[in-house]
Amino acid sequence: MPSSRISPPQLLMPAAVWMGSLLLAGGCRAAVPPVPSAVVPPSALHWPVPPPPAVAAASPVLWVALAAHLRPPAPLELRSAAGNLTLQTASGQRFQAPQLQLHWRSEPLAEPLTLRRQVWGPFASHESAQEAAARWRQAGASPVIAHPGEWEVWAAADAPVPAGVTVRRLEQLQRQRLVLELRRPAGPLLLEGPLRLEAPGGLRWQGGVFAGPFRLQSDAYGSWTLVEEVPLERYLLGVVPHEIGAGAPPAALAAQAVLARTWAVRNQERFAVDGYHLCADTQCQVYGDPRQAGAAVRQAIGATRHQVLAWQGAPIHAVYHATNGGIAAGFEEVWSGDALPYLRPRVDASPAVQARVALPLDPAGVPAALAATARAYGFDHPRFRWSRSLDAAQIQQALSRAALPLAAPTRVAVLQRGPSGRVLALEIEAKGSAGAPQRQVLRRDAIRRTLRQLPSTLFVVRPDGLGRWRFEGGGFGHGAGLSQAGAIDLARRGWSLARILEHYYPGTSLQPLGALPGANPTGPNSPAASSP
């Protein structure tokens with residue numbers, strides 16, 4: 001196997017030697033051959049990317065993107081926490097150094113690539129994109145879900161379109177692709193991807209240290225991704241404290257561990273189009289430095305090792321959130337899709353409070369329900385109850401960011417509520433230039449995605465002066481599944497792990513991952529796709 005070693009002093013060569021540059025069209029170096037045509041077909045829906053491997057139940061490993069959409073202008077800096085990094089190309093070349101600086105470069109394709117697709121979206125969440133993909137699939141297409149910046153659904157240029165749906169058509173001719181190169185005193189070296197990176201002493205990245213191994217690979221958009229291949233149980237060490245807090249009681253930590261594990265397994269095809277399983281931010285579960293997990297977190301994860309929450313032999317939609325404000329939402333209130341028997345609206349409070357608040361809520365009864373549940377489970381969360389005041393300019397700006405142009409709003413009104421009282425449709429009205437009213441209607445998860453100042457959709461809204469509206473509500477997050485504040489409260493009251501999970505997901509059961517034939521039942525591109 002060819003091998004080359006880069007010693008630390010070489011990494012300190014002058015910038016003129018080590019600084020790379022992005023070459024524009026026609027500026028390739030004759031010494032480097034074009035990217036082989038076998039890698040890129042002449043026509044495709046997107047840049048071709050091999051899918052990640054399935055997560056094996058016996059020894060589960062996740063491919064998690066520590067950074068996505070990597071592209072110029074800044075070079076890619078890789079630093080070891082201790083010792084050398086080892087970078088290996090697809091052809092087997094190896095390079096070692098405590099730190100590596102990789103530079104971007106555009107290389108001509110042996111044959112141009114034509115990207116052709118229909119685009120539906122953007123969508124406020126992956127879950128809404130899944131519902132759209134299911135509709136498109138029923139119309140006879142084979143769609144995929146992508147995240148070039150926002151969630152979108154893509155299908156072939158000649159695919160049938162669902163009735164009443166407007167899509168965009170995209171066609172791009174790509175003559176070059178983005179690659180990485182290593183600058184050496186002997187001259188620049190084009191790096192064949194995917195690249196494998198090993199860091200025995202850990203890789204420093206965004207304030208943390210990650211054990212790896214890692215991959216640098218291209219994605220469906222022509223940019224690149226830094227992926228960590230991380231065992232499932234180590235992944236949880238970086239998730240649980242960031243999601244519920246390391247100081248939560250043991251039963252609440254254990255519940256979070258089970259749910260984070262279940263969610264990861266269930267969502268392993270979330271980024272299949274880009275060649276990895278999950279991201280490391282709020283579009284998935286927040287994943288940070290696993291070394292920072294304390295003894296209590298490690299105990300909770302170890303005590304529930306490889307256990308997931310199941311329904312009818314498959315991992316559930318293990319959604320969770322910060323606090324439900326005393327009233328849990330049903331799945332269908334948050335995202336389009338069928339109701340799920342274990343994610344139903346309910347009053348998250350003592351039996352006495354439940355007796356005073358009947359569901360489904362009458363739309364006019366939301367203020368009374370908020371008052372009656374003022375001391376429901378998890379009431380000490382800072383956003384259990386909240387108030388926000390938004391003026392016309394703020395709302396107009398939020399709509400503009402979401403590509404929903406509207407003149408200065410003159411009216412904000414709730415059109416529809418769900419059984420838990422959450423707003424399913426919010427209408428914003430303005431006067432047009434000709435005097436005729438203009439309207440935009442935000443639905444379900446698009447409400448919070450657009451009006452990001454609102455912590456939840458469990459609210460009432462009323463005028464608060466000329467061109468201003470006051471939103472008063474409860475909860476932080478979508479409201480379906482486990483309330484983290486509620487679980488912490490219940491654990492402090494002595495509730496066990498099993499009792500907390502049964503409370504928030506009735507009818508489900510804890511099962512070993514290896515015992516479930518449906519450990520990977522659905523994904524964003526599968527016929528039965530419908531994920532949390």
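Let's start in strand S2, residues 61-70, where we find His69. Strands here are DSSP runs of E with at least two residues, helices are runs of H or I with at least four, and both are numbered from the N terminus. His69 is not a glycine, yet its phi is positive, about 60 degrees. For background, most residues other than glycine have a negative phi, and most peptide bonds are trans. His69 has a relative accessible area of 23%, so it is partly exposed. On that scale, buried means under 20% relative accessible area, exposed means over 50%, and partly exposed is in between, with a 1.4 Å probe and protein chains only.

Before I go on, a word on where this comes from. This is a predicted model, in which local features need pLDDT of at least 70 and side-chain atom pairs count only at pLDDT 80 or more, while totals for chains, interfaces and linings use all residues. Residues are numbered from 1 along each chain as its sequence is written, and side-chain values use heavy atoms, with hydrogens and water left out.

Back to the backbone. Ala403 is another residue other than glycine with a positive phi, near 60 degrees. You'll find Ala403 in the loop between helix H9 (392-401) and strand S23 (409-417). With a relative accessible area of 60%, Ala403 is exposed.

Now the cis peptide bonds. One runs from Gly121 to Pro122, with omega near 10 degrees, and Pro122 belongs to strand S6, residues 99-123. Another joins Gly212 and Pro213, with omega about 5 degrees. Pro213 sits in the loop between strand S13 (208-210) and strand S14 (214-218).

Strand S14 also holds Gln217. Is Gln217 buried or exposed? Gln217 counts as buried, at 6% relative accessibility. Leaving aside residues up to four places away in sequence, Gln217 touches Trp63, Pro194, Ser223, Trp224, Thr225, Val227, Asp274, Gly275 and Tyr276; contact here means heavy atoms within 4.5 Å. Gln217 and Leu180 are 37 residues apart in sequence, and their C-alpha atoms are 9.9 Å apart in space.

On to helix packing, with H4 as our guide. Helix H4 (residues 250-266) packs with helix H12 (residues 497-504) at an angle of about 55 degrees, their axes 9 Å apart. That makes H4 oblique to H12. Under 35 degrees would be roughly parallel, over 145 roughly antiparallel, 65 to 115 roughly perpendicular, and the rest oblique. Axes are lines fitted to C-alpha atoms, for helices over the stretch in contact, with angles from 0 to 180 degrees between N-to-C directions. On the H4 side, Ala251, Ala254, Ala255, Val258 and Leu259 meet Leu497, Ile500 and Leu501 in H12. By class, that contact has 8 nonpolar residues, with no polar and no charged ones.

What does H4 do with helix H5, residues 295-303? The axes of H4 and H5 come within 8 Å and cross at roughly 55 degrees. So H4 is oblique to H5. Here Leu253, Ala254, Ala257 and Arg261 of H4 meet Ala296, Val297, Ala300 and Ile301 of H5.

To finish, the whole chain. It has 12 helices and 29 strands. Of its 532 residues, 55% count as buried. Among contacts in the chain with a separation of 6 or more, 70% are between residues 24 or more positions apart.

Methods
Ala, Val, Leu, Ile, Met, Phe, Trp, Tyr, Cys and Pro count as nonpolar, Asp, Glu, Lys and Arg as charged, and the others, Gly among them, as polar.
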